[in-house]
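Welcome! Please take a moment to look over the sequence and the 3D view before reading on.

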Amino acid sequence: MPNIQVANVSKAYGGKKLFIDVDVSFSEGRRYGLTGPNGSGKSTFMKILSGDLVPDAGQVSRPKKTSVLKQDQFAYESARVLDVVLMGNKALWAAMQEKEHLLAKDDLTDQHGMRLGELEMVVAEEDGYTAESDAGDLLANLGIPVEEHEKKMKEIAGGLKLRVLLAQALFGKPEALLLDEPTNNLDLDSIRWLEGFLCNYRGVLVAISHDRHFLNAICTHVADIDYETIITYTGGYDDMVEAKSQVRSRVASENSDKQKKIAQLQDFVARFHAGTRASQVQSRKKQIEKLQLADLKKSNIERPFIDFQQKRPAGRQTLVFNGVTKRWPDVEVCSRFDALVTRGEKVAIIGHNGVGKTTLCKLLVGELAPDEGEITWGHEASVGYLAQDHRDSIPGGQTVTEYLHDFDSRAGLEEIRGLLGKMLFKGEEGLKPTEALSGGETVRLLFAKLMLTKDNVLVLDEPTNHLDLESIIALGDSLVRYEGTAFVVSHDRDLISSFATRLFAFTPRGLVDFQGTYDEFLVRHAEDYRPGR
């Protein structure tokens with residue numbers, strides 16, 4: 001049976017132990033989400049599963065036909081896009097290459113002929129006669145236009161390259177499929193198509209994702225990295241969180257009851273240890289020894305507390321688009337677009353990759369000007385911006401504390417430390433150099449900056465990039481509580497559904513201003529967002 005079996009695996013980096021003596025089995029026909037906060041070792045464990053990384057101890061067995069989503073988008077620059085997908089089936093690709101090499105010979109021998117017959121059998125067994133058509137379908141469903149399929153990888157956009165690598169991993173009916181962040185660079189309709197594909201997949205799937213909706217949609221089980229081990233739960237991500245909470249609550253309650261009982265017994269022993277009730281005292285001591293408290297290890301799951309405030313509210317008419325037209329550079333972002341956004345509205349900006357969502361954000365914050373028309377902010381509007389290229393927003397040569405202090409020189413050290421603590425920067429981490437920040441730390445620091453500046457308008461372009469699931473949930477909660485106006489670009493459906501009261505949606509008919517929730521929008525515009533469109 002093509003299972004993945006992990007036996008006594010341990011791994012540490014420096015002095016930090018990620019997992020100790022892990023024993024876990026990933027079974028055929030089941031789809032596992034691999035979860036855990038940033039830094040818990042998800043990607044490390046995935047590399048151990050794939051064989052790309054050797055554990056400190058223990059071993060892993062995996063099916064021969066195991067497919068892995070590769071992360072190096074520049075590994076195939078000279079190859080044709082379709083060929084990169086075909087390479088996902090190693091046996092088929094090797095047979096096709098050898099067959100092509102033999103057929104190019106001028107002096108074919110009988111031995112060559114026999115070999116060609118063997119290769120033909122491999123091609124037939126691996127569905128080689130429909131391989132290019134199957135690969136083309138995968139690419140189209142992942143949002144890569146047909147005209148790109150014959151191009152070299154170096155001729156297509158970086159975001160499309162990552163989709164080609166995903167198509168490569170899915171191709172060829174692998175027995176095991178290991179996917180690290182497969183929804184990165186996918187738009188909403190491609191994500192929904194991928195969910196359907198994986199739900200019909202019959203091998204063993206292990207996937208890492210920060211998309212909670214995606215995990216709930218595809219997972220039959222969740223393998224959660226916590227307490228230096230991996231615990232498997234049945235169901236999706238929300239099921240795991242509930243089960244985990246129930247277990248901890250039950251153990252904590254049982255420990256509390258035991259502690260009360262122990263206190264009563266110890267009181268009895270203290271009062272009568274020198275009296276005539278020696279036998280009863282000894283009995284109580286034995287009871288105390290038996291009442292061992294269960295080990296309730298500290299979970300490494302932490303959720304930041306994101307709390308966006310505003311110094312003062314903006315005017316009621318916060319933003320006006322008046323006949324705005326913009327092309328950038330050769331994409332029509334909007335044409336004669338009109339909209340009035342009032343104070344407190346929460347606008348999600350959605351659409352396929354490359355349609356102009358980031359350009360629209362830059363129009364909002366004044367980094368770009370409309371070709372025609374006007375964008376006018378209302379009275380007292382103060383705009384806080386989180387750009388998509390998060391890392392470029394923070395200069396090097398500073399500590400985390402110094403970076404925040406630059407935005408409000410009157411803020412005291414305790415206030416800044418408090419903000420950093422809410423964003424999970426603890427103790428001496430406030431002295432960490434900005435250039436040493438991870439992706440998740442960078443975004444959390446930018447949130448801390450917005451919490452410090454207290455703007456009454458937020459423009460957030462892909463704020464969930466690099467965040468773990470707990471941080472994304474915290475962001476959704478904060479946007480719901482926020483009393484100002486927000487414009488947020490995201491492909492995270494749970495996040496959008498949690499806060500958005502209005503959508504600016506890029507559709508085949510142009511930029512649409514939809515006043516309603518995301519679920520209402522999907523019902524009204526289902527044709528625009530069907531998979532593979």
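This is a predicted model: local features need pLDDT of at least 70, side-chain atom pairs count only at pLDDT 80 or more; totals for chains, interfaces and linings use all residues.

Let us begin with helix α7, which covers residues 188-199 and has twelve residues. From its first C-alpha to its last, α7 reaches 17 Å, close to the 16 Å expected at 1.5 Å a residue. Several residues of α7 are buried, among them Leu-188, Ile-191, Trp-193 and Leu-198.

Next comes strand β17, residues 502-507, where six of six residues are buried. In a regular strand, side chains alternate between the two faces of the sheet. Here, Arg-502, Phe-504 and Phe-506 point one way from β17, while Leu-503, Ala-505 and Thr-507 point the other way.

Strand β17 pairs with β12 in the parallel sense over four bridges; there, Leu-503 of β17 is the bridge partner of Ala-348. β17 also pairs with β18, this time in the antiparallel sense over five bridges, and Asp-513 in β18 is the bridge partner of Phe-504. Two residues lie between β17 and β18 in the hairpin that they form.

Finally, how many disulfides does the structure hold? It holds zero.

| Cysteine | Relative accessibility | State |
|---|---|---|
| Cys-199 | 26% | partly exposed |
| Cys-219 | 10% | buried |

For Cys-199, the closest cysteine sulfur is in Cys-219, 8.9 Å away, so the two are too far apart for a bond. A disulfide would need the sulfur atoms within 2.5 Å.

Notes. Residues are numbered from 1 along each chain as its sequence is written. Side-chain values use heavy atoms; hydrogens and water are left out. The expected span of a helix is 1.5 Å times one less than its number of residues. Buried means under 20% relative accessible area, exposed over 50%, partly exposed in between (1.4 Å probe, protein chains only). Two strands pair if DSSP finds at least two bridges between them.
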